[in-house]
Amino acid sequence: MIKLLRDIIFILLVATLTFSCTKRVEIPLNTGDVKLVVEGYLFGSDSVSWVRLTRTSSYFSNEPPPPVSHAQVVVSHKTQQWLFTESTTHPGVYFLLDRSFHLIVSDTFKLRIQLQNPVGNHSRYESQTVVPPLRIHIDSLNIEYAPDFKKWMVRYFGLDFPGKDFYLFNSRVNGKIVTDSILQKVVREDVFFDGRYVSGAVVQVLNEDVMKPGDNYTLMASNITKEYYDYLTALQDEVGEKNPLFSGPPANVEGNINKGALGFFTSFQTTSLQVELKEIYDRPKVCSGR
Amino acid sequence: MLTFIVLANSGFLYSQKAYNVTISGYIRDDTNGESLPGTTIFVNELKTGSISNGYGFYSLTLPRGSYHIVYSFVGYQSRSLALHLQRDTLINVEMESVSSRLQEVEIKSESARENIRMPQMSVTKMNMKNIAEIPSFMGEVDLVKALQLLPGVKFVAEGSSGMSIRGGGPDQNLILLDGATVYNAGHLMGFFSVFNPDAVQSVKLYKGDMPAAYGGRLSSLIEVRMKEGNNKTFHGQGGIGLISSRIMFEGPLVKDKASFMVSGRRTYADLFLKLSHNEKLRQNRLYFYDLNTKLNFSMNANNHFYLSGYFGKDVFKNDFFGMDWGNATGTFRCNHVFNEKLFSNVSAIVSRFNYNLGVAEDNPRAFLWQSALTDITLKDNFDWYINPNNKLNFGFSVIHHDFFPGKITGTGKEALIDEYRLPDSYALESAIYVSNEQKIGKITLKYGLRFSIFNNMGPATIYHFNNQFNVTDSTVYDTKKIFNTYFGIEPRLGIVFRINQSSSVKASYSRNYQYVQQARNSTAGNPMDIWFPANPNIKPQVSDQVAAGYYHYFKEGIFSFSTELYYKWIHNAIDFKDHANLMLNKYLDGELRTGRGYSYGLELMLKKTSGRLTGWASYTWSRSLREIPGINNGVVYPSPYDRPNDFSLTLSYRMRKAVRLSMSWVCLTGQPVTFPVSRFQYSNTIVPVYSGRNSYRMADYHRLDLALVWDLPVKKQKKWHNQLNFSVYNVYNRKNPWVINFQNDPEIPNATYAEMTYLFGIVPTVTYNFKF
């Protein structure tokens, strides 16, 4: 809510002043050291867990991130361990295909990566994550069309359990995830509504061209760790537009991979609710489901 | 300390038998009765003198005899009185403004010499009359923008009222309006200052070397004085500008005894929104207003009372959302002359800044977010003119701070929040001080001490943090209980050596404690940046500044040149961790990181104060650096205000009797910024990997502004004066970067680009001013 208010104030201020202009500029930049980047997820039985390994590249390289192939990627829990398999079609992406793998709530899972060739002066990297319990349930959702902003706004109804919670919300339309970039994801902490029934909090804001009447919309909600919440909010800060009125200084986003590697290894479970988007009325409320 | 100074001066007291006559009184403007603080009183025969204090009072003890005493003040015709002094004498002096004489007058002022003589360093005084001639943005005469043209003073962002003085942050400036702290000096997100030009008499800037009577900030004191009100005749003035109109009335309530001043300003920027094609934009309301008032009453020669107030607010609202913020101050002051040598000023002051924002109440999920800071201050200040060679200043001040950092209340039927409130906090900030100004031949010394105490008071909740800045526990304190105390010993030392009648060298050392600061992580800041106190988790910030300077005037005071060299250390310097959360955060203390800061620089200024062409050129070379564990890997980094080269040229040329052309040109090194050096991809998004903090710079900033002030002809016997002010901001349309963002290209996968945002191109304005 705070970020939304900041954005509203800033956008309206600048729009009101109508003096600001933008233009693209050429800026020569140095290139930093190459580092390993890890994007890793452990999911429950409903999805396949995966890890992507890439390298950093120069800021204006304008190429896809260089993949890191032929690595050994292993996840372990106590004495058990499972090996990831690299995709043949997507180099650098490793899937956990072993069906014996399952998450254990509140336990720690460790990730070990052994590279064929060093990246960032190291060949072995490690991380670990705790599996947060799934404490969120979607009672209902409501989808409004906001004509002023030309956006779909998805509202969530459900009980927030007492205790500190951090949530991640994603959207799927006709089975396809439409919130796969950082700025489209919504993360919330329950500081303002801890232990209360949440009646209509906006948890997704989607462009109008993302869906149309007749589409199946699915809201996905997950509990995430505080560390992953902090990581995502910091990423959102860094990839969003900055301004001298509200933005702090740019800063690197610390992940949870050791030896200076970038990225994050995390785990969460997801609950979801699917509805069919029926029609658009002039009135804002267009669809709800249970 | 007081005892020490009195004993140290006992020899002077004893020898006072030789100085058996004291002249004292008030110095005022002859047309409106306004006091003239800082007026020079010079005794030709003895080559000695004094200056009037902040209320225009002066006192000078001399041997009996005949003297020529010259009273001088910038912008006024010097007055010389031939006096045969036999006993203590009250001499109230009224001085004639140069402009009121409507003829060219050469100012061969003693005032220029005053800067040569006084031990106070790094101080500049500006009158609104001069500030009004400087080209202004959108026609809004702005004293803060004028101060930004002085050496050592930098704006924090394009168009901002925020100032960095000698490398310090904007919250390190103590801004006083008639003695009351102004916590937010900006309107409209800082693009305009809160000081209505019609209501202000003068501004005085101290760059670190503050008098012992002031403290609580590390970088500067900005003392703004409102007009007292004309106690001779009724007058008014005002103006109609592009974005605002203003009006001021002043006049006597009892002639020569009591007067009033009331002034108002209101913007109408939102009227332009009506021209927009966007219906939603047309529904927005955006304006600010100011109301300044002052009453003063002279009961008799020894007692004078002042009552002044300021109320200002910014309002921004539409059908969905509303926000307002503003300052309110009230000052009651009593000047009492105990005798011809002892003057006191007692002040009782209230100062408040608050903001409210929320969603309209008819919205089922409406909420209201409120925050405020309220100060109540009591001060008593004494000036004791012991003898011509010693002037003692002493007193005390007590400030009660009431911090209400924030509360959100759900007001709609389906509000998502009941109430969320950050714990309030309370503090007492007290100080006693004494300082003496002592003349010894060609040397004048200034030595003083300020002893400050800061008490945190209950009720309060203090959170405890471990080494990783995670909350481990909390302690709740009862109402009125003092649970934490800091104190500071703040020496203020200065020396001036007069090389000859036209040049001197000075040196100074000062220590300042700052117990209250702002949670501001951005460079320009916004009204929602709250102020928070030192507490068991946050030590007070401390600065030590040493400075040395050379001062010279030539051509009979028409030109003056000054140069100052300074070095400043800041201990317990505060910055915030990467990605700090400063809004509505109960655990704000855990977002802070402390370390050290330091800045140094060389400031040069050449000034011409009379003739058809007046103005000044200033150049500053400076650095401002920080070293804070937990930020930038603990490596030294430039502060956001580190802009090594800063040049400005401000000129005013009287083309004809009624036409003046003025210009200001500023050029300074680009702002330090953090740019990416590589990138990675996470969740289908390109994320920048940054260089060290502030290791790059934006392009250099430069801008030329012009103004033409035309006093329209006045018919004989008509009291109404009209003036047109044509102003052009950014004459050659320089696109100075406000911010540079690095973006993912929406059209080309995996492509990124840099985009500069600039705010103001060329902005011509015309303002109509009137006076009667």
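User: Before we look at anything, when do two strands count as paired, going by DSSP bridges?

Analyst: Two strands pair if DSSP finds at least two bridges between them. Strands here are DSSP runs of E with at least two residues, helices are runs of H or I with at least four, and both are numbered from the N terminus. In this structure, β1(A) and β51(B) run antiparallel and are joined by five bridges. Within that pair, Lys23(A) stands opposite Met756(B).

User: And how should I treat the model and its numbering?

Analyst: It's a predicted model, in which local features need pLDDT of at least 70 and side-chain atom pairs count only at pLDDT 80 or more, while totals for chains, interfaces and linings use all residues. Residues are numbered from 1 along each chain as its sequence is written, with chains lettered from A and ligands numbered from 1 in the order in which they are written.

User: Which strands make up the open sheet that holds β1(A)?

Analyst: Three strands, in the order β1(A)-β51(B)-β50(B), with antiparallel pairing. The edges are β1 (21-25) of chain A and β50 (739-744) of chain B, each pairing on one side only. From one strand to the next the twist averages 35°, where axes are lines fitted to C-alpha atoms (for helices, over the stretch in contact) and angles run from 0 to 180 degrees between N-to-C directions.

User: How many bridges join β50(B) to β51(B)?

Analyst: Six, and β51 covers residues 752-758 of chain B; these two strands also run antiparallel. There, Phe742(B) stands opposite Ala754(B).

User: Now the chain contact. How many residues does each chain bring?

Analyst: A contact means that two C-beta atoms, placed from the backbone, lie within 7 Å. Chain A brings 62 residues and chain B brings 60. On the chain A side, α1(A) gives the largest share, eight residues. That side splits into 33 nonpolar, 19 polar and 10 charged residues. Nonpolar means Ala, Val, Leu, Ile, Met, Phe, Trp, Tyr, Cys and Pro; charged means Asp, Glu, Lys and Arg; the others, Gly among them, are polar.

User: What about α2(A): which of its residues are buried?

Analyst: Buried means 20 or more other C-beta atoms within 10 Å of a residue's own; exposed means 12 or fewer, partly exposed is in between, and the C-beta atoms are placed from the backbone. In α2(A), the buried ones are Tyr228(A), Tyr229(A), Tyr231(A), Leu232(A), Leu235(A), Glu238(A) and Val239(A). Their cover includes β12, β14 and β17 of chain A, together with β45 and β46 of chain B.

User: What span should α2(A) have?

Analyst: The rule is 1.5 Å times one less than the number of residues. For the 14 residues 226-239 of chain A that gives 20 Å, and the end C-alpha atoms are 20 Å apart, which agrees.

User: Is Trp621(B) buried or partly exposed?

Analyst: Partly exposed, because it has 16 C-beta neighbours inside 10 Å. Trp621(B) sits in β40 (residues 613-627) of chain B. Leaving aside residues up to four places away in sequence, Trp621(B) touches Gly601(B), Leu602(B), Pro644(B) and Asn645(B).
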